[in-house]
Amino acid sequence: LRFIMEVEAGPSPEEKSKLQEWAGKPKEALVLGIRLTLDEWQVLTLAVQNSWGGQDSQQKADYLFEDLCDWFTKSEKAIKQSEIEDLLFEVIRDDFHVEAEDGSVEFMSKRFFQLIRDVKAKKFDGLMMMWKRWKRREGKKQDVIAQVEADKLDEGVVEGDLEIVEEGAGEGEQMEGWGEEGEEGGESAMDTEVKQQEKPEEKEEPPPPLVDEDGFTTVTRKKGRKKRR
């Protein structure tokens with residue numbers, strides 16, 4: 001009998017470089033993990049895409065990112081998972097007028113809690129999984145853009161604005177606390193009804209966000225806004 005064993009490939013040079021970078025700069029690794037975790041919260045993504053929080057929905061999501069970064073990187077006492085859960089419930093309800101009943105808030109609070117513990121212990125397996133999923137999503141978006149541009153050239157279409165809807169995160173990669181939303185702790189937000197409260201009067205549209213060389217948004221906080229933490 002002939003047995004064939006499938007051997008999982010080790011990390012690529014780029015992945016090894018990232019692991020070394022995160023080990024030397026754990027605070028930056030934590031901030032990246034917060035950004036990537038929020039990007040995979042489907043209820044928040046739907047709320048921003050559909051402007052459930054008004055015209056400044058994207059800015060409200062950016063404020064949540066900034067609040068979490070300040071809290072997780074500067075807190076002098078241990079952070080409890082229940083505290084993270086309370087904050088996420090508050091934001092999705094008060095800022096986006098959504099009653100999330102799909103279990104995603106509990107699931108995401110668990111992921112944030114695990115992220116903090118892992119980075120403190122310099123364990124980056126979960127962060128690497130999220131980063132690889134983000135890279136695949138970005139690659140798919142670039143493929144779509146390239147195809148559209150090619151179609152424009154073929155058809156002689158004048159350049160215009162293109163809205164890209166981001167696809168779901170990658171499949172197949174999972175470990176405790178790092179699976180995608182819907183794999184653990186409730187159904188996917190895409191398949192679960194969320195109750196949306198009446199939206200308030202829309203505010204003036206904020207200025208466009210700044211995007212750094214890695215493709216992440218730089219947050220500019222409005223003066224006078226009180227931080228949650």
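Trp-22, Phe-124 and Trp-131 come together as one aromatic cluster in what is a predicted model. Under the pairing rule used here, the count of aromatic pairs comes to 4. One of them joins Trp-22 and Trp-131, edge-to-face, with 6.4 Å from centre to centre and 80° between the planes. Trp-22 belongs to helix 1 (residues 13-24) and Trp-131 to helix 7, so this pair ties together parts of the chain that sit 109 residues apart in sequence. Both partners are tucked away from the surface: Trp-22 is buried, at a relative accessible area of 2%, and Trp-131 also counts as buried, at 5%.

The charged end of Arg-35 sits over the ring of Phe-65, 4.7 Å from the ring's centre.

Ser-51, in the loop between helix 3 (42-49) and helix 4 (57-74), has a positive phi, near 55°, despite not being a glycine. Ser-51 is partly exposed, with 26% relative accessible area. Lys-122 is another non-glycine residue with a positive phi, about 60°, and its place is the loop between helix 6 (104-120) and helix 7 (125-155).

As for confidence, the chain averages a pLDDT of 74, and 57% of the residues score at least 70. Residues 157-176 stay under 50, and the model gives them 36 contacts beyond four places in sequence. Residues 217-226 also stay under 50, with 22 such contacts. Where pLDDT is low, predicted coordinates should not be read in detail.

Key. Residues are numbered from 1 along each chain as its sequence is written. This is a predicted model: local features need pLDDT of at least 70, side-chain atom pairs count only at pLDDT 80 or more; totals for chains, interfaces and linings use all residues. Side-chain values use heavy atoms; hydrogens and water are left out. Helices (H or I, at least four residues) and strands (E, at least two) are DSSP runs, numbered from the N terminus. Buried means under 20% relative accessible area, exposed over 50%, partly exposed in between (1.4 Å probe, protein chains only). pLDDT is the predictor's confidence in each residue, from 0 to 100. Contact means heavy atoms within 4.5 Å. Rings of Phe, Tyr and Trp (its six-membered ring) pair if their centres lie within 6.5 Å; planes under 30 degrees apart count as stacked, over 60 as edge-to-face and the rest as tilted. A charge sits over a ring if NZ of Lys or CZ of Arg is within 6 Å of the ring centre and within 35 degrees of the ring normal.
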